[in-house]
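Student: I'd like to learn how to read this structure. Could you walk me through it?
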Amino acid sequence: MHGRKLVLLLMMVCLAATPLHAQEQTEPQQAAPAEAKATKPEKAPLLSGVAVSADLVGFIMRAMNAKFANMEVAARLNILDKYFPVAELGIGDCHREGAETGNTFDATSPYMRFGLDYNFNKKHNGNRLFAIFRYAFSSFKYDIGNETFTDPIYGNDTPVPLYLDGQKATAQWLEFGLGVETKLWRFIRLGWSIRYKARVGLSAPDEGVPYFVPGFGKNDSSGWGGTVNLVFDVGKSVRKAKAKSEAEIENKQKKNKE
Amino acid sequence: MRRCLLPLLTILMLAACESYDCTLNNHVGLYAAFDREGTAVQIDDTLTITYGQTGPLLLNQSVKTASLNLPLTYWEEEDTLVLTVKGTDYLLQDTIWIKKSNQVHYESPDCPTTLFHTIEEVRNTNEFIKSITVTRPSVNYETTINLQIHLL
């Protein structure tokens with residue numbers, strides 16, 4: 001637990017340092033107003049784009065037969081190239097067998113997240129540094145069992161298979177994190193994020209709490225997660241808008257000359 | 001960005017670790033204590049406890065016994081315990097019937113699964129046991145007394 005607190009502290013320091021960094025970048029512009037006038041800050045339109053994305057980590061983990069995988073896709077709006085409302089929809093998948101106990105856990109269920117990304121980068125150069133906030137929930141079913149379950153005192157070593165199928169649970173949690181994103185080619189972008197997850201609610205039967213919560217990972221009061229997103233900008237981008245406004249200015253200048 | 005790199009890498013490394021948070025005290029047992037007219041007592045002579053008349057031996061010739069810690073069956077709805085006290089010139093035998101419900105307790109794939117119980121009713125014969133009071137019906141990882149056995 002001490003280690004996690006340290007990491008949280010480091011993350012907070014990191015978050016605190018980011019606005020300072022942004023201020024450092026803007027100061028030279030204030031010092032040279034003439035220069036600032038010459039390079040007028042780019043103004044992004046209200047609706048600057050729409051994007052869909054997929055988290056590659058979950059699909060890779062599934063392909064590698066990892067203990068669990070969260071495969072998800074997301075859709076988001078780009079407002080002023082600063083605020084990005086996001087909806088994420090995924091399927092959490094876990095098939096796990098205890099090496100020494102013979103206990104099994106199986107779950108394949110959907111989850112949803114809603115939230116906002118805030119872009120710290122004031123330049124519309126295709127790179128983004130995000131602060132991430134999400135509210136997430138999952139209502140899911142899972143099976144637990146043990147085929148070699150034995151009463152150690154009275155069982156005479158005769159296994160009585162234990163099956164508790166279709167256990168129902170619901171979980172809610174919040175996610176806070178940082179993300180970066182860059183343009184790869186035309187409308188294709190690649191993004192990374194790291195997130196701290198804080199569970200705020202879990203309702204599960206007394207017989208067996210879930211080992212895994214879809215979208216959250218291993219069931220605990222808190223946890224860490226990360227994504228590697230392949231993003232497709234499918235709406236109008238800032239650059240398109242900028243190009244349009246530049247063309248309009250040029251046209252006006254031409255007309256004035258004429 | 002560089003300032004963030006080290007904390008991010010540290011977080012990634014920590015996220016890759018996994019620990020098993022199994023309950024350390026994972027023994028489920030029925031705890032009982034003896035008393036005579038409200039005063040805690042012990043049975044000085046040899047006390048032997050079996051499950052039924054022919055079942056497994058649960059306690060073998062224990063002397064100066066003040067309390068008991070006995071396992072209950074995983075799946076039976078009623079357990080029968082036979083207590084035999086043997087002195088130099090006497091032999092007393094009582095039977096205790098414990099009616100219970102059983103609940104599976106599953107923590108994770110890596111932790112042993114066990115069963116908790118809820119005591120619903122207790123009956124007994126009266127050779128040397130006067131009566132039994134259920135002080136805590138839940139039989140789980142806790143070690144506080146479930147049954148108070150009042151001796152004659």
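Student: What is the mean pLDDT of chain A, and what share of its residues reach 70 or more?

Tutor: pLDDT is the predictor's confidence in each residue, from 0 to 100. In chain A the mean is 81, with 77% of residues at 70 or more. This is a predicted model, where local features need pLDDT of at least 70, side-chain atom pairs count only at pLDDT 80 or more, and totals for chains, interfaces and linings use all residues. Residues are numbered from 1 along each chain as its sequence is written, while chains are lettered from A and ligands numbered from 1 in the order in which they are written.

Student: Where in chain A does pLDDT stay under 50?

Tutor: Over residues 6-32 of chain A, a stretch with 21 contacts (C-beta atoms, placed from the backbone, within 7 Å) beyond four places in sequence. Residues 34-38 of chain A are also below 50, and have one contact beyond near neighbours in sequence.

Student: Why does Leu178(A) count as buried?

Tutor: Burial goes by other C-beta atoms, placed from the backbone, within 10 Å of a residue's own: 20 or more is buried, 12 or fewer exposed, and in between partly exposed. Leu178(A) is buried because it has 22 such neighbours.

Student: Which residues touch the most other members of the largest nonpolar core?

Tutor: A nonpolar core joins buried Ala, Val, Leu, Ile, Met, Phe, Trp, Tyr and Cys residues through C-beta atoms within 7 Å. Here the largest has 18 residues, and Phe105(A) and Tyr142(A) are among those touching the most other members. Beyond four places in sequence, the contacts of Phe105(A) include Tyr142(A), Phe212(A) and Pro109(B).

Definitions and conventions
Contact = placed C-beta atoms within 7 Å.
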